[in-house]
Amino acid sequence: MIEFTKFSLGNGLTVIHHEDKATELCVLNLLYKVGSKNEEANKTGFAHLFEHLMFGGSIHIPNYDEPLQLAGGENNAFTSNDITNYYLSLPANNLETGFWLESDRMLGLAINPKSLKVQKGVVIEEFKERYLNQPYGDIWLKLLPLAYKKHPYKWPTIGKAIAHIKNANQTDVNDFFKQNYAPNNCILVVAGNINLEKTKELCNKWFLPIPSQNILSNPLPQEPVQRKLRRKTVLADVPANLIVMSFHMDQRQSKNFYAMDLLSDIMGSGKGSILYQELIKKKNLFSEIDAYITADAEPGLFIVEGRMLPNTTFEMAEEAIWIVLNQVKSKNIDENDLKRAQHKNETSIRFGDINPLNRAMKLAYAEYLGDVDLVNKEIDNYLAIHTDDIVKESKKVFKESNCSILSYKIKKDGSK
Amino acid sequence: MGLNREIQPIIEKIKSLNFNYFEHTDLACGSPLYFLSGGTEPVIKLELVFDAGKSSEQNTSVASFTASMMNEGTKTRTGKSLIDELDYWGAHFQVKTFNDDAVATLYCLEKYLDGALPLFIEALTESIFPEKEISVLKRNAVERIKINNKKNEYICRTSFNELIYGKDHPLGKKNSVENTNKIERNELLDFYKANYLTGFKYAILTGKFNPQTILKIQSLIDSSSLEQFKVNNNNKQLPNQIFGKHQIEAPNKSQASLKIGKIGPNRKDAHYTDFQLLNLIFGGFFGSRLMKKIREDLGLTYGIHSYYEPGQILNIWSIEAEVNNKNKTLAVTEIYKELQKISDKAISAKEIEVARNYLCGAILKSLDNPLSMSSRMKTHIDFGLNADYMVKYIDEIYAVSSDSLSKVAAKHLSNEHIIEVVVS
């Protein structure tokens, strides 16, 4: 049970306090409600580039990292389709440095042309390191625009192309900050060895003076229902053929989400899973195969991804995966398979909760989804799923017309 | 009353370390079971450590293959039913191979330990290594090697190891499709018997548990066939370095991969703490000189780090990065300039203070939850550190000075005996 108190400041900042006397540390987690889905189609990768710029110094503090390190602290951040999340941890007696740093960069940034140029360089190298510098690294760059036609999930967090990052200018940066970085677009979690009173005192001192902003929330374009099978083939210098099949699924807050999450475990997690047993061990078609969900805030994807053995053709691979999917749809899921997935889930949630930082992140994200209580309801939400729920939902999801197939093919010498 | 945002709030020294020393009990075979209970969540992590590291293998991949075969079937259960039963208890285990040892770890909730624990012990002690599963494993491993050989970073790291350990040393030998195809069941079985069944070193139990749990674990291990590892000095081969610069053709040209390093001081060296801090300042954290120069000033990389890894065979200190291919020469030149600078010029008190406080905070963090505690415990056990070591260590960190760092830099970070690998 994760205990917490939620309150908000006059400027619209939502604060969640979570006390843990067993730790010597304190954690601040700031979730800004902006992700790559809020970007314009011709300026993608911006939310993430901006995450880097947030470390380039703020109005009153020229350097973010050094004072934090001086206080014995550590920090990092990540950007997803939905949010940008910043977190730091400090020895509890030095927590105020965290408040000082985070409130100042919420107040305003001091981005100069040099830091913008350097961070663009860094992000471009990140783009290459993660997406281009390894076999299959650009799967998401290819798959997302196939699966999504309207919704901004159609580009990955890093951006559609390096050119978008190269073209970012100072005006874009200033506009983006004003649009998105304000107390009323943020969720602050204060966790660790600190009491509620002290939390309130520090929040009032450092965050309350920051004025709220007019946050424009343009409704996102909704993804129309997919009506027919989509295919794309990519030729690349890879050692083995790979197939990715993706299906649209229900939104994060629905019961169906939990059903499909469990199904992805039953199908694709570990040596006991259906795909491993059927397609690697019995049919000898793949060297690796996995099923997982994207778990975004808005309707995401259920994905089956398999790396094929040299003698397996794309036709054989696809047919074999459909056989497994159709079995799930037609037969009832084995009760024991479901129980195993539920128990494994409980274990992984409990292990995740060991760390105060994880708890803080979970609290912020649950609040973002609209229900901070979710942090204590998730295990029950998974336990409430029956085999019928899974079968019913998989009939809706595993349809050819709802499927996008990416074939990643070995490029033979001479072909382009 | 105005708020002054320009001045950093007052910083305090770390008050106390939340470090309760662990206890131990001796198992019937002679190996100890170390344990420490704490935290808020009712979880269990049980680690069994074996003398089954990569440095003990004769042929490449034998150690990691043996580890992977542990969940592929026992005398009474198929691999599938073993995993299904463990899954039922929401538990899982993995056997990981390191240079110096191998660690089998069970993760489970305390309420399901009775169900999961016997399965875990059975997997470790009664594995049967079925031919069919070995061939599946081989086939998949071959596919993975093909993928790794397309990765600059992998080629860079394995080439560096080959140079620093020597191409015939278990830690230097490169993996290949041919070698993997040649692995035989008998080899794995021999390794299993010698390095697992009679190679059990000790166990570590962490998480939140009651005293009965310790007794249960003890009695289950006692009734198994595990035998204590007996020190055997002649099976570890000596390394043999080839220094110098090495350029390797990359399969992928989008970035260059580099690794530059040398032999560092050992864990018991009088200057160990100085070297830790020196490494931190040079390239060991986000505020390091390398990060500031190569990433934050020049924008040539997403990340650059230096690592200090004291081991049982070699203590390696090295720099790793993926850098902009066009400017790789600039990056390498700048790295050597930084290396020169840290030996030649005194490090400022401010720079030392930042690194020192950061390190103290990181230590506090590493003692913060029962699971991260287990790796701290393992270091204590492997290097024979006392209960008061942590307190002394903090004192030593505070005693580091600009002078002591300069001396250590001149001795250990000179240009001599460097191995440089660039894959581009």
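Predicted model: local features only at pLDDT ≥ 70, side-chain atom pairs only at ≥ 80, totals over all residues.
Mentor: A crossing is left-handed if the near helix is turned anticlockwise from the far one by less than a right angle, and right-handed if clockwise.

Trainee: How do I read two packed helices, and at roughly how many degrees do the axes of H12(B) and H14(B) cross?

Mentor: Two packed helices are described by the angle between their axes and the distance between the axes. In this structure, helix H12 (residues 349-366) and helix H14 (residues 389-399), both of chain B, have axes that come within 10 Å. Their crossing angle is roughly 165 degrees. An angle over 145 degrees counts as roughly antiparallel, and H12(B) and H14(B) are therefore roughly antiparallel to each other.

Trainee: Is the crossing of H12(B) and H14(B) left-handed or right-handed?

Mentor: The crossing of H12(B) and H14(B) is left-handed.

Trainee: Which residues in H12(B) and H14(B) meet?

Mentor: From H12(B) come B:Arg356, B:Leu359 and B:Cys360, and they meet B:Ile394, B:Ile397 and B:Tyr398 of H14(B). By class, this contact has 5 nonpolar residues, no polar ones and 1 charged.

Trainee: Next, the sheet. In what order do the 6 strands of chain B form it?

Mentor: Strands of a sheet pair through backbone hydrogen bonds, either parallel or antiparallel. Here the order is S1-S2-S6-S3-S5-S4 in chain B, the sheet is open, and the pairing is mixed. Strand S1 (23-26) and strand S4 (92-97) of chain B are the edge strands, since each pairs on one side only. From one strand to the next, the twist averages 20 degrees.

Trainee: How many bridges join S4(B) to S5(B)?

Mentor: There are 6 bridges between S4(B) and strand S5 (residues 102-109) of chain B, and the two strands run antiparallel. As one example, B:Thr97 has B:Ala102 in S5(B) as its bridge partner.

Trainee: Which helix of chain A packs on the sheet?

Mentor: H12(A) does, touching strand S3 (43-50) and S5 of chain B, and its direction makes about 100 degrees with that of S5(B). Helix H3 (residues 113-125) of chain B also packs on the sheet, where it touches S3, S4 and S5 of chain B. The direction of H3(B) makes about 160 degrees with that of S5(B).

Trainee: How many residues of chain A are in contact with chain B?

Mentor: The size of an interface is often given as the accessible area lost when the parts come together. Here we have residue counts instead: 60 residues of chain A are in contact with 63 residues of chain B. H12(A) gives the most to the chain A side, with 9 residues. That side has 19 nonpolar, 20 polar and 21 charged residues.

Technical notes: Residues numbered from 1 in each chain as written. Chains lettered and ligands numbered in written order. Contact = placed C-beta atoms within 7 Å. Helix = DSSP H or I, 4+ residues; strand = E, 2+ residues; numbered from the N terminus. Nonpolar A, V, L, I, M, F, W, Y, C, P; charged D, E, K, R; others polar. Axes fitted to C-alpha atoms, helices over the stretch in contact; angles between N-to-C directions. Parallel < 35°, antiparallel > 145°, perpendicular 65-115°, else oblique. Pairing = 2+ DSSP bridges.
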